[in-house]
Amino acid sequence: MEDDAVFKALSDPSRRLLLDRLFERDGRTLTELDAELEMTRFGVMKHLRVLEEAGLVVSRKQGREKLHFLNPVPIREIHDRWIDKYTERRVSALLDLKNELEESA
Amino acid sequence: MITSTFTETTVQVYQVFIKASAEQVWDAITKPEFTALYFHGARVENTPELHVVHGPDGEDWGDGKTIDFDPPRRLVHDWQSLYDPDLAAEPASRVTWEIEPQDGGVCKLTIVHDRLDASPKTAASVSGAGWMHVLSGVKTLLETGEPLFG
């Protein structure tokens, strides 16, 4: 359903960097993220918004602060839907090859 | 280079969009006949007072207080993993389920697992694949009517 948004969000190196930063330490404010990256505050906000729209980042209010959390579920869904599918076929192709070689041996 | 340094945090957030009504999502997370199909076989029963978990063979996998019971929007309960002695020794943490209906017959389901400060082993055991497995399971069950695994 949101595949396009997830792929689009992941296509940008700055957004992947933001996800890596949240992976290292989750639940951060815009100010904390901004301080670590060579990006303008506006740039960080813009990228966080794209990540949020894709469901890769979830923000939650805690007191007066807005914390950003990495949500790994959409990446997992892409893994299940795309990567599993192709690696499975490759594995079965190898198994077919093995069977064929062993039969002709 | 792949870096795998990951500091466990004391708050974990997971979110998924599910094509189902809020009532269906609520039933899937609060009724044992549904949870048995995706929650590692566990029968989870939620009442306004208690959150009780039994393993597939009836073993005691955990129980705790229900903190907030607001069908079909919000469920908050204690979390204690009794299926493992190391985890059972740690203090109870807290799990919040939020169901928010969106446009187009879709609901946003968010799980927040927090109060994990004093329970690092529990935090590590539920993080990443743990809750993701459960969320993918709820989604698959509600969207296809079939359990995700077996």
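Student: How many residues of domain 1 of chain A are in contact with domain 2 of chain A?
Tutor: Two residues count as in contact if their C-beta atoms, placed from the backbone, lie within 7 Å. By that test domain 2 of chain A contributes four residues. Domain 1 of chain A contributes eight.

Student: What kind of model is this, and which pLDDT do local features need?
Tutor: Residues are numbered from 1 along each chain as its sequence is written, while chains are lettered from A and ligands numbered from 1 in the order written. The model is predicted: totals for chains, interfaces and linings use all residues, side-chain atom pairs count only at pLDDT 80 or more, and local features need pLDDT of at least 70.

Student: How far apart are the C-alpha centres of the two domains of chain A?
Tutor: The bounds come from an automatic or database domain assignment. Domain 1 covers 1-71 and domain 2 covers 72-105. Their C-alpha centres are separated by 33 Å.

Student: Why is chain A described as more spread out than a compact globule?
Tutor: Chain A reads α-α-α-α-β-β-α along the sequence, with helices (H or I, at least four residues) and strands (E, at least two) taken as DSSP runs numbered from the N terminus. The globule rule is 2.2 Å times the number of residues to the power 0.38, and the radius of gyration is taken over C-alpha atoms. For 105 residues the rule gives 13 Å, so chain A is more spread out than a compact globule, its radius of gyration being 20 Å.

Student: Which element gives the most to the side of chain A that touches chain B?
Tutor: The contact takes 17 residues from chain A and 15 from chain B. On the chain A side, α2 (13-24), β1 (57-62) and α5 (73-104) each supply at least two residues. The top contributor, with four residues, is α5(A).

Student: How many residues on that side of chain A are charged?
Tutor: Charged means Asp, Glu, Lys and Arg; nonpolar means Ala, Val, Leu, Ile, Met, Phe, Trp, Tyr, Cys and Pro; the others, Gly among them, are polar. Six residues are nonpolar and three are polar. The charged ones number eight.

Student: Is Leu18(A) buried or exposed?
Tutor: Leu18(A) sits in helix α2 of chain A. A residue is buried if 20 or more other C-beta atoms, placed from the backbone, lie within 10 Å of its own, exposed if 12 or fewer, and partly exposed in between. Leu18(A) has 26 such atoms within 10 Å, so it is buried.
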